[in-house]
Amino acid sequence: MAGNYNIPEVMVYFNNHIYRGNRTSKLDTSELNAFSSPNFRPLGRLGIHINVDWRCVLRTPPREPLLVHTKLGRNVAILWIFPSIPIEIVRVFLKPPMEGVILQTYGAGNIPAIRNDLLEEFRKATENGVLIVNITQCLRGTVSLEYETGLVTIEAGIIQGSDMTPEAALTKLCYVLGKDEWNIETKRNMMKCNLRGELSELTKSEKIYPWPMISDNCRCTVNYA
């Protein structure tokens with residue numbers, strides 16, 4: 001693949017499928033179908049023939065020297081919400097030196113409606129400059145604002161993480177926090193932006209993958225009827 005196909009992405013090849021790396025999660029410890037890309041179709045399939053779905057391959061600017069970002073934020077963690085999570089643990093969890101948190105919530109991005117104590121701690125943390133990114137605990141799907149319990153997270157300053165995998169969200173958070181030249185508002189905005197095809201925007205009937213580097217006629221639209 002690397003020698004014959006111009007696919008300028010980090011990819012995972014497993015069980016005859018080529019996946020975008022930042023869309024991939026491991027589902028099984030031993031089976032051949034151990035990896036999956038739950039929110040983005042495979043970039044290609046390999047059999048007797050190699051079939052690449054060029055509509056979904058990330059287009060990049062003209063070739064430039066490889067730039068490796070070696071400075072990453074390290075004061076990050078993942079917090080899994082559950083009904084009886086003690087507020088004392090959350091309070092300590094969000095204290096310095098914590099700089100960024102991936103918050104895994106129920107379904108479409110919801111937290112317990114009666115847990116005002118949680119919301120208050122999240123609000124205090126975001127006001128103190130902690131980046132908190134909301135993603136779903138589900139394997140497939142995205143966080144949304146369809147429910148009141150999801151809307152309250154916005155009011156607390158929590159960033160919506162769309163349909164990023166936990167792995168991609170945490171890695172992106174480390175990258176963004178390592179950019180000392182960005183202020184806190186820029187970092188918040190960058191977490192919501194699609195930088196390298198790691199998240200998608202949603203409508204009711206389709207998933208659209210718009211990258212800033214791609215012209216409108218190159219956007220990949222996949223209908224899920």
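Here are some questions and answers about helix packing and salt bridges in this predicted model.

Local features need pLDDT of at least 70, side-chain atom pairs count only at pLDDT 80 or more, and totals for chains, interfaces and linings use all residues. Residues are numbered from 1 along each chain as its sequence is written, and side-chain values use heavy atoms, with hydrogens and water left out.

Q: Are H4 and H5 roughly parallel or roughly antiparallel to each other?
A: Helices here are DSSP runs of H or I with at least four residues, strands are E runs of at least two, and both are numbered from the N terminus. H4 covers residues 166–177 and H5 covers residues 184–192; they pack with their axes 10 Å apart, at an angle of about 155 degrees. Angles run from 0 to 180 degrees between N-to-C directions, with axes fitted to C-alpha atoms over the stretch in contact, and under 35 degrees counts as roughly parallel, over 145 as roughly antiparallel, 65 to 115 as roughly perpendicular and the rest as oblique. So H4 and H5 are roughly antiparallel.

Q: Which residues of H5 make the contact with H4?
A: Contact means heavy atoms within 4.5 Å. H4 brings Ala-169, Lys-172, Leu-173, Val-176 and Leu-177 to it. From H5 come Lys-187, Met-190 and Met-191.

Q: How many salt bridges does the count come to?
A: Side chains of opposite charge can pair when their charged atoms come close. The rule asks for a side-chain nitrogen of Lys or Arg within 4 Å of a carboxyl oxygen of Asp or Glu. By that rule, the count is 11.

Q: How many residues apart are Lys-71 and Asp-180?
A: These two side chains form a salt bridge, 2.1 Å from N to O. The pair links distant parts of the chain: Lys-71 sits in the loop between strand S6 (50–52) and strand S7 (76–80), and Asp-180 in the loop between H4 and H5.

Q: Is Arg-115 buried or exposed?
A: Arg-115 forms a salt bridge with Asp-117, with the closest N and O atoms 2.9 Å apart. Buried means under 20% relative accessible area, exposed over 50%, and partly exposed in between (1.4 Å probe, protein chains only). Asp-117, at 31%, counts as partly exposed. Arg-115 has 12% relative accessibility, so it counts as buried.

Q: What separates Glu-120 and Arg-123 in helix H2?
A: Their side chains meet in a salt bridge at 3.0 Å, N to O. Both lie in H2 (residues 116–127), 3 residues apart. The separation is therefore about one helical turn.
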